[in-house]
Amino acid sequence: MLETIAIRERDYGTPARTSTEVVNLTIDGQPCQVPAGTSVMHAAAQAGINIPKLCATDSLEAFGSCRLCLVQIEGRRGYPASCTTPAEEGMVILTETPKLHDLRRNVMELYISDHPLDCLTCPANGNCELQDMAGVVGLRNVRYGFDGANHLNDALDESNPYFTYDPSKCIVCSRCVRACEDIQGTFALTVDGMGFNSRIAAGQNDSFLGSDCVSCGACVQACPTSSLMEKTVIMMGQAEHAAITTCAYCGVGCAFKAEMKGQEVVRMVPWKDGKANRGHSCVKGRFAWGYATHQDRILKPMIRASITEPWREVSWDEAIDYAASELKRIQAKYGNNSIGGLTSSRCTNEETYLVQKLVRAAFGTNNVDTCARVCHSPTGYGLKTTMGESAGTQTFDSVMFTDVVIMMGANPSAAHPVFASRLKRRLREGAKLIVIDPRSIELVDAPHIKADYHLPVRPGTNTALLTAMAHVIATEGLIDEAFVAERCEKPAFEQWRDFVSLPENSPEATEHITGVSAKDVREASYLFATQGNGSIYYGLGVTEHSQGSTTVMAIANLAMATGNLGREGVGVNPLRGQNNVQGSCDMGSFPHELPGYRHVSNDAVRSQFEQDWGVSIQSEPGLRIPNMFDAAISGTFKGLYCQGEDIMQSDPDTQHVAQALASMECIIVQDMFLNETAKYAHVFLPGTSFLEKDGTFTNAERRVSRVRKVMEPKAGLGDWEATCALSNAMGYPMHYNHPSEIMDEIARLTPTFSGVSFKKIDEMGGGLQWPCNTEAPDGTPTMHVDEFVRGKGRFMITKYVPSDERSTRKFPLLLTTGRILSQYNVGAQTRRTPNVLWHNEDLLEMHPQDAEDRGIKAGDWVGIQSRSGETVLRADITERVQPGVVYTTFHFPESGANVVTTDSSDWATECPEYKVTAVQARLVTQPSEWQGKWSRFSDIQQKLLAEREPERAAAITQG
Ligand code: SF4
Ligand code: SF4
Ligand code: SF4
Ligand code: FES
């Protein structure tokens, strides 16, 4: 059943204030009490009195340009604008008088005299603030005709694939300009011209697409008319109902209002009350949801005996029976541990929990792993070791209380855009910024933002750099001795202090390793330790290294040494990549841990699950993903159930993965599309999009938020139902009536989740942060407040060990990888949306000096070769990368970035070292041998897919 909410939300006109000082005033005879700093408009709205307004909205600071919100204040001359007038003690205000009515009608008359009177056919009809205000002020005539100068015939800008700018509908309220500046922080819009001639301009009068606009949609949301309007609304009309759900792209976990007509999405609007996003969005969550109904989706289960055969469409029952019989056959022949499963960080907590339960209870093995293996497994290891919990310590709101930020190995403008906007706002308010990244990411020099320090660390040397920063803090008397004495283990601290103080760890001694000037390291360390609240945010540029876990521990050391934990504005904040990376780890997806990060060898924990599930669970950890591949190649691992993950594209050393997949006897892929892994599969189970799911995602703040089904599963079964069916067919009964029952089971068995339920999440509105239990019934926004989860914080020695991936004469460059704003991970979703307009191929970024040495120019084909393989990409010559470093994204399968990445991995968790691969680059004229093979194999697989339907096969033959 759909849980719907009102489409139009209450708008208080100006933002809420939180002062502890209270003022009392009277509005239209009604006594009101509001926090100091609240505007008269907001105070009135709180009392249920809606003062007419146009240029004000509660997501933006008031500007006071439209003059519609005038009020009368006893004892004051004139008619001040209520949006810009702060409420004061004892004020007596009238909002409705004959004089005010006249003034407002005059204002509206002027607006309407330059506005098309096509309300009936306007896409905003019924949801237009100008239309509303004309009604509210009782406008009946417009004395000024349309014969004078006007903007009624100004040309539309339809360049953006998702929204249109119609200048004829613009009332120049500048809400869009302010949204772009204050909320998004891009500064793409200006008011061009003066007075009557003023119009909104993108860039230097560019089209929206040609400007700096990043298509976040904030301006569209802020626009009170249809001047900026989603193309889907123009096409489909206004929505009929709405439900709150959570974005299924990145770990920010933005809450959205899915506005619907029947089972069709009209638009996704960021939810004002969403605690992770506070009403903001990025291009992916806001607009790139069309993949959910893309024609490439496979909606019928399919099976085939071998990957050289065409697929056969079958019923769900037949597919599930076939999959179970194959898995049972394999187990009978090769043993219980010859099969396993992979959970996905794209799926809900409930789905993920069920897959690990399926593997442990129905398959009888601990061979379960997750895509978090290849991104944030070192975060789990490093934070658990030092502080006792495998998660970030703060809320996103916390950044508004920070004074100095270290941003390390993360590019939030591209990968966590809504958080980046928040951070930029804090930086514009004066917080300091230290960027540690081999690349000059956008934050280094963005509009109205300049990093105080950019430490362009050489890939693979993060540990040496952070240890050098710790050296400065320890040797210059910058340690927060009181915090350390009270909160941390003394012997471990002393050992650490002695270690980092060694001369060999000084910035000067490590400069030749890290490539960062010792002076900058000293100054940045001093800034971090002395500026006030210091927070550290980091991403895969920290974890995806041979010393990923060590670097995470070095981050925790730095935070503990400077006393930057346990309150607002500080903390250690891993920026999680995918929407539910945190959740998939929490839910027991790793082979060594049951839900709640409890080791499978712990008899008490295991027996709790054994009793609840009615099975015995192995006490030995199962295989990690790379071990599964090795075992497959050596012939001992033969069957895999892979839900919502594309290991063939996302995991390193593609040719090794291909060999592993080709060695297995039964691969079951559950996905929306025939992804790269599915090309090697024998059973295909159609997966669902987030719009078809009920469940929860857990974001980077540990916030468990509801995902709500707004359309029925297009293939008939939800992902969790398919997992249950497979389990039942394997002989282990699994029955739930609704995903909420799965969460109830998780809560029953996981101490940090014991207070979580769908009902509780709904009551909290906007999700709740685990731990949520009897000690913290409403969740835990900030971790480690009075003591660390493990009791005392534990400093760890972080000795730098060079990666095997070093530049050599044969491979003199270091390849590092990352993301781009418009695409997402393996691109399965975003490549099937108009986002390809911004990025339709992965490029190789190369410094001009390296390019010149090799005779390479922008746009040339470049062969990149490592010890694993070679691929060919087009060159982008840029100083964003330093000499000796090349960079690419990995959103397109044909790019083959992972053909080049190697088996090098984190010593503790086997997280692949994606961020450091020694390569050579050369000018070439054709795709690599691997790309040729990929293309032929893909063509065959597409043909085998098409042959399942005669009509499609015919279309392909003709094509
Ligand atoms: S879509 Fe976002 S970035 Fe583009 S102009 Fe609007 S607010 Fe600015
Ligand atoms: S485009 Fe919309 S938000 Fe921007 S100034 Fe015009 S009416 Fe206001
Ligand atoms: S920031 Fe992340 S969660 Fe938010 S809309 Fe963008 S992709 Fe979705
Ligand atoms: S709403 Fe107050 S001046 Fe426009």
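A319 sits in helix 8, residues 316-334; helices here are DSSP runs of H or I with at least four residues, strands are runs of E with at least two, and both are numbered from the N terminus. Before going on: this is a predicted model, where local features need pLDDT of at least 70 and side-chain atom pairs count only at pLDDT 80 or more, while totals for chains, interfaces and linings use all residues. Residues are numbered from 1 along each chain as its sequence is written, chains are lettered from A and ligands numbered from 1 in the order in which they are written, and side-chain values use heavy atoms, with hydrogens and water left out.

Is A319 buried or exposed? A319 is buried, because its relative accessibility is 0%; buried means under 20% relative accessible area, exposed over 50%, and partly exposed in between, with a 1.4 Å probe and protein chains only. Leaving out residues up to four places away in sequence, A319 touches P301, I303, V314, V683 and L685, where contact means heavy atoms within 4.5 Å. A319 and E947 are 628 residues apart in sequence, yet their C-alpha atoms are 18 Å apart in space.

Next, the ligands. Around ligand 3 we find C247, Y249, C250, G253, C254, F256, C282, K284, G285, P417 and V418; a residue is near a molecule if one of its heavy atoms lies within 4 Å of it. Helix 7 (283-287) and helix 12 are the elements that give two or more residues to this shell. By class, the shell around ligand 3 has eight nonpolar, two polar and one charged residues. In that classification Ala, Val, Leu, Ile, Met, Phe, Trp, Tyr, Cys and Pro are nonpolar, Asp, Glu, Lys and Arg are charged, and the others, Gly among them, are polar. Ligand 2 has 14 residues around it, of which C170, C173, S174, C176 and C223 come nearest. Its shell has ten nonpolar, three polar and one charged residues.

Helix 12 (residues 417-428) also meets helix 4 (residues 175-184): their axes come within 8 Å and cross at roughly 85°. Helix 4 is therefore roughly perpendicular to helix 12, a label for angles of 65 to 115 degrees. The contact is made by E181, D182, I183 and Q184 of helix 4 and by S421, K424, R425 and R428 of helix 12. By class that is one nonpolar, two polar and five charged residues.

Now the rings. There are 19 aromatic pairs in the structure; rings of Phe, Tyr and Trp (its six-membered ring) pair if their centres lie within 6.5 Å, and planes under 30 degrees apart count as stacked, over 60 as edge-to-face and the rest as tilted. One of the pairs is F163 with F287, tilted, at 6.1 Å centre to centre and 35° between the planes. F163 lies in strand 5 (residues 163-165) and F287 in helix 7, 124 residues apart. F163 counts as buried at 1% relative accessibility. Ring pairs link Y162, F163, Y165, F208, F287 and W838 into a cluster.

Last, the backbone. Most residues other than glycine have a negative phi, and most peptide bonds are trans. W770 and P771 are joined by a cis peptide bond, with omega about 0°. H784 has a positive phi near 55° and lies in the loop between strand 30 and strand 31.

Notes:
Axes are lines fitted to C-alpha atoms, for helices over the stretch in contact, and angles run from 0 to 180 degrees between N-to-C directions. Angles under 35 degrees count as roughly parallel, over 145 as roughly antiparallel, 65 to 115 as roughly perpendicular and the rest as oblique.
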